[in-house]
Amino acid sequence: MLDKRYNPKDIEKKWYDFWLEKGYFKAEAKSDKPSYCIVIPPPNVTGSLHIGHALDITLQDVLIRWKRMSGYNTLWLPGTDHAGIATQNVVEKALQSQGEDRHRLGREKFIERVWEWKKLYGGTIINQLKSMGASCDWSRERFTLDEGLSKAVREVFVRLYEEGLIYRGDYIINWCPRCHTALSDLEVEHEDVKGKLWYIKYKFTHKAGYITVATTRPETYLGDTAVAVNPEDRRYKDIIGKTVKLPVLNREVPVIADEFVDSSFGTGAVKVTPAHDPNDFEIARRHNLPFIKIMTGDGKMTEEAGPYRGQDRFVCRKNVLNDLEDLGHLEKVTDHDLAIGHCYRCKTVIEPYLSKQWFVKIKPLAEEAVKAVRDGNVKIIPTGWENSYFDWMENIKDWCISRQIWWGHRIPVWYCKSCDEIIVSMETPSACKCGSSNLAQDEDVLDTWFSSALWPFSTLGWPEDTDELKTFYPTSVLITGFDILFFWVARMIMMGLKLMNKQPFDHVYIHALIRDAEGMKMSKSKGNVVDPLKMTDAYGTDAFRFTLAAYAAQGRDIKFNEKRVEGYGHFLNKIWNVARFISMNMKEGDRVLSLEELRSGDVSGRLNLAERWILSRLSDICSDVNKALEEYRFNDAAGILYQFMWHELCDWYVEMIKPELYGDNADAKMVALSALVHVFEAALSLLHPVMPFITEEIWQQLPAKKDVESLCVRKYPDADTGIYDKDAEDKMSVIMNVVEGIRSIRGELNIQPSLELKVLIKTLDSVEDVLKPNISYVMKLARVQEIQIGSDIKLPKNSATAIKPSMEIYVPLAGLIDVDVEINRLKKDFAKTEKDLVFINKKLMNEDFRSKAPKAVIDENQTKCNEYKDKLQGIQDSIDKLKKWGKE
């Protein structure tokens, strides 16, 4: 017997351990079943579960469980990403707290420390995924730095290098002059400061006059190789192609036109310093400008800085400004807010710095990846993201894949110190072709996204020709957020097509961004971050999962509200109570008819309208849910199931069959209970992919014969699970219309639920033929004492009316309500609502409120305003009706 209340803490771990023990999540490398595969977007090994992960995991698990129950050989392949920069940062900070430093440790010892950290803490997020119910094949868990994936990474690097698709070239990096190291963007901490904008005059060489440029880093003008203007800026159209002279150095540089230039910034003319600014670097590449390095790695000026050579960069800045002012080249100085990047370790101001890096020549790969989406081999859902994909891919730049850190896939390149030969190899070479063994491996590691780009096939055993690759590649769908569509999804498509000659997945489902209840982006600084583990602890994993699925409408950001989770917690209790109701109405040994028996002529003739209707609705619901999941309409699937279980099954069918269950007719009870058990079991199966824990617990305890060991592997219901019966649905629609009509009159007039009513129904068409044989449903569900039905019914005096298709419903009010008392009650309600409306209107008309409040708050208030207006209209309508009835 089920407990009185559902307690998720008692059952979630029990059933997850049971599924693991039975091996239900394990895939078969060879199988006659159709295959269905999802590779998990590998979370960072440093990470802990955030709400984006929770949404990702829930949607993937819904699909995997659904397909597993639908008879597929499913593989949901889990794993984690080594997250080079993030992980190195975590371990370095731990070392610093112990008074240690990676440079003093050395590379090998430091890498050992990182592996030790990974062993201790790297499993945190995996355990959290398991707590969410993720039905991954954990026996196949991968790590982007494990031996197999490392082999795949080296293989790809070597192949692409040999094909001329990987090369070494110059690139701007973040450089710390104090630590003498490159920093990733993640290692740069930005601080908003009140800075200055200096306006410097460059004299024309072809005529008198000058052009003025604005800069926040005046010392870098010494490395300028051009002045750029926007080609659409009419102020400068006559000087494009001319030259100007740099002050002090007197070096001539051209004036060029580039669309990157923002005409509204400063004077609309900008200095171009390719070796010391990432945007200028790109401009220089487009216009074939020279690169002049004016700074050394320790922040001192080079020979190219002329009279400022050897000076510290900030000393140089002061001297440059003094000289520009003395020479009349400093036009003005204005205040300017800017974000200055600092080294996360020593807080030194970083410098953009030109350095040798490794690149992937990306255009040839991108062209094939664009074609794959255009041809429909890869379908992006929602389709609106395709345009963003095409725009980025068609304007793609070569991919810089080298990183100046130690934790990661070390670049498989060696340099011969005897002859400068570059050796690119799968294995560590013992000697150069010149005979020298004096070799040094490249110090850099590969961008984390490089190994992640190989994830769909490297995790299945590539470059070996494995059974897993044959069975599961291409994978079925990738589910992820839009923020990594370009960083990861596009690169997986490019690498999959290049190395496997097939797309890595058939579908890409891009889910929405989860915001807070007011539509604001979640961030720790705002204090509005939702912790998934707190949600599951408070309401249970199933309620949280169902909420996420119900929110997941395509193309719409999610405004997450904890009240929704609480509400779906009530839904779990509703399901639990139905299960208890069944258990209390079934005795040991009670016969439950199978679907085949319910379909048979012997029994089907004894099915009453309620049983025929609920079995038919089950058929509809099975079709609708399967179709919604096929089309990734998770919110529709959740909504359909909620509506069916809460309203149709619990509120209608269970109430309609109580006379049979509590009556003396054993045969009628058996049929009613059999239909209830069948529909409820099917509904649990339909719900299982979204709510795996409560559905398993209830199903295991239902006093009905089990066809399998677990709901986890029970056949997923389809249309044949029910018995479609349009006639029954049409007739039940008539019954429900009558009941709802009577209930609406009760609600509008505040008639007590305990009062039994007298009802008259004027019918049109053939509605009378439906109502008369089934009038008992109306009398029970609407609490009616007496009912008259006919086409010749007249409207009695002092009666409330409800109009429904093909009928008019009359309820005589004599003896039910005091019209004057009810009118006074409604007037008081009207006055209160009117006061609320005046208050919210004042707020909405307040310009200060409208200018400062977030859009979501304004929208919420506007919605309330409209609701109050509708409520006032409804109250006034009720008052008018009562006044009319009082006169009759």
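This is a predicted model: local features need pLDDT of at least 70, side-chain atom pairs count only at pLDDT 80 or more; totals for chains, interfaces and linings use all residues.

Biologist: Start with H21 and H22. How do their axes lie?

Modeller: Helix H21 covers residues 609–630 and helix H22 covers residues 634–656. Their axes come within 9 Å and cross at roughly 170 degrees.

Biologist: What does that angle make them, parallel or antiparallel?

Modeller: Angles over 145 degrees count as roughly antiparallel, so H21 and H22 are roughly antiparallel to each other.

Biologist: Which residues meet there?

Modeller: On the H21 side they include Trp613, Ile614, Leu618 and Ile621. On the H22 side, Ile640, Leu641, Phe644 and Trp652 are among them. By class, the contact of H21 with H22 has 17 nonpolar and five charged residues, and no polar ones.

Biologist: Change of topic. How many aromatic pairs are there?

Modeller: The count comes to 38 aromatic pairs. One of them is Trp15 with Phe18, whose ring centres are 5.2 Å apart. The planes of Trp15 and Phe18 stand at 90 degrees, so this pair is edge-to-face.

Biologist: And where do Trp15 and Phe18 sit in the chain?

Modeller: Both are in helix H1, residues 8–22. Trp15 and Phe18 are three residues apart, so about one helical turn separates them.

Biologist: What lines the largest cavity?

Modeller: His82, Gly84 and Ile85 line it, along with Arg403, Ile405, Trp407, Gly408, Leu446, Asp447 and Thr448. By class, that lining has four nonpolar, four polar and two charged residues.

Biologist: What about the second largest pocket, what is its volume?

Modeller: The second largest pocket has a volume of about 630 Å³. It is lined by 26 residues, and the closest to its centre are Leu595, His678, Glu681, Asp707 and Arg714.

Biologist: Which elements give two or more residues to that lining?

Modeller: Helix H19 (595–599) and helix H24 (666–687). H24 gives the largest share of the lining, five residues.

Biologist: And how does the lining of the second largest pocket divide by class?

Modeller: Twelve of its residues are charged, ten are nonpolar and four are polar.

Methods:
Residues are numbered from 1 along each chain as its sequence is written. Side-chain values use heavy atoms; hydrogens and water are left out. On a 1 Å grid over the protein atoms alone, a cavity is a set of points where a 1.4 Å probe fits but cannot get out, and a pocket is an open set with protein on both sides within 12 Å along at least five of seven lines; lining residues have an atom within 4 Å of a point. Ala, Val, Leu, Ile, Met, Phe, Trp, Tyr, Cys and Pro count as nonpolar, Asp, Glu, Lys and Arg as charged, and the others, Gly among them, as polar. Axes are lines fitted to C-alpha atoms, for helices over the stretch in contact, and angles run from 0 to 180 degrees between N-to-C directions. Helices (H or I, at least four residues) and strands (E, at least two) are DSSP runs, numbered from the N terminus. Angles under 35 degrees count as roughly parallel, over 145 as roughly antiparallel, 65 to 115 as roughly perpendicular and the rest as oblique. Contact means heavy atoms within 4.5 Å. Rings of Phe, Tyr and Trp (its six-membered ring) pair if their centres lie within 6.5 Å; planes under 30 degrees apart count as stacked, over 60 as edge-to-face and the rest as tilted. Grid points are joined across faces, edges and corners, and a volume is the space filled by probe spheres set on the points.
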